[in-house]
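Dear colleague,

Please read them alongside the model.

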Amino acid sequence: MSVMNRKFRFEKRDRQSVLRVVITSLIFTALAFVFCGIVIAAVGFNPLEVYGKMLTKVFLSKKGIEKMIAASLPLMFCGLGVALTFKMNLNNIGAEGQYAIGVIAGGAFVLFGPEIEGPFGILIVALLSFAGGAFWALLCAIPKALWDVNESITTLMLNYIALIILSYLCLGPWKMEGQNVGQTERIPKGLELSDLGNTGISVGLIWGILIAVLIFLAYKYTTDGYQLSVIRYSPSAAKYAGINMKKNILLAMGLSGGLAGLAGFVQYAGVSHRIMEGMPNNAGYTAIVIAYLSRLNPLVVVVVSILFAGLQNSSATVQVMGVPTQIATMIQGTVMLFVIAGDFFQRYKLIVNKEVDA
């Protein structure tokens, strides 16, 4: 008598078509909402009403779309920065802190520097924000390049220091008089980023798209962009080819931190118009997921950032219906987890080996 045994294993796909990526992402996103719907129903709410509110108020209304795009800008800049380091297998977990230092560096000029307004003043604030974020990232990049110190740990730990500095300034010497909350004086009108029409979306969106396009072109057509890919897929081959690893570590981390610093700038100059305690609001951490789901493609980062901002805004919207905060947050987390799971099935296929035992 023979018995058939089945052995299962996962095998990496040779190639992944764009159609497969899109279909798999849609399927697992739908599964995430089905799962969340079961939980929502279990706590006494109608999931169809909740999802209907999310769609009509955020994703299908003009005002909702405008707010979604405006809220996506910090996520977009942080996501572009994080994806840049992931491109060469560097784990920049510090975009949150680099965002904070970037806004502090730009804000210090606005609060205490010479009164320079208009395009030139805006450019100075942007460059200082970029430099602040880059400096904070290089504090971790230099030990990594020279002594191979783990950048995941150092970037993560510096987040807490940067956020403490930001809180101290907003609650202490930079605090606006007569306020009970930690925030500074409003930025001068001449240093605010202008809006695109009457949308409430600052020109920071154009900056983000242009930067994404430039990074994409750099990957395809420049030596430095090619070297990042080589380092990612084969560090030993990169060393053998004479690629300067130290230079690329410093370059990638510096640019990544600078982009996170610009996230603080676009939020400061284009949205809040003042520095506030807790301003990064987890944008640097969300950027890690955005970079991963975008497969490090800077153009896709732009799209995914907008969708994630929509999820965040819709979570706030359903709270008006009385849905608990925890449920609203769960929707975001569940979608992330399911899409990441879907990404695994995009990369690997299930193989069933049938063996017959005598």
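F35 has a relative accessibility of 40%, so it counts as partly exposed (buried is under 20% relative accessible area, exposed over 50%, and partly exposed in between, with a 1.4 Å probe and protein chains only). This is a predicted model, in which local features need pLDDT of at least 70 and side-chain atom pairs count only at pLDDT 80 or more, while totals for chains, interfaces and linings use all residues. Residues are numbered from 1 along each chain as its sequence is written, and side-chain values use heavy atoms, with hydrogens and water left out.

Rings of Phe, Tyr and Trp (its six-membered ring) pair if their centres lie within 6.5 Å, with planes under 30 degrees apart counted as stacked, over 60 as edge-to-face and the rest as tilted; by this rule there are five aromatic pairs. One of them joins F35 and F338, whose ring centres are 6.0 Å apart and whose planes stand at 35°, so the pair is tilted. Because F35 lies in helix α1 (residues 18-42) and F338 in helix α13 (residues 325-347), this pair ties together parts that are 303 residues apart in sequence; helices here are DSSP runs (H or I, at least four residues), numbered from the N terminus. F338, at 24% relative accessibility, also counts as partly exposed.

Another pair is formed by F112 and W174, with centres 5.8 Å apart and planes at 55°, so this pair is tilted. F112 is exposed, at a relative accessible area of 56%, whereas W174 is buried, at 12%.

With kind regards

How values were computed:
Helix = DSSP H or I, 4+ residues; strand = E, 2+ residues; numbered from the N terminus.
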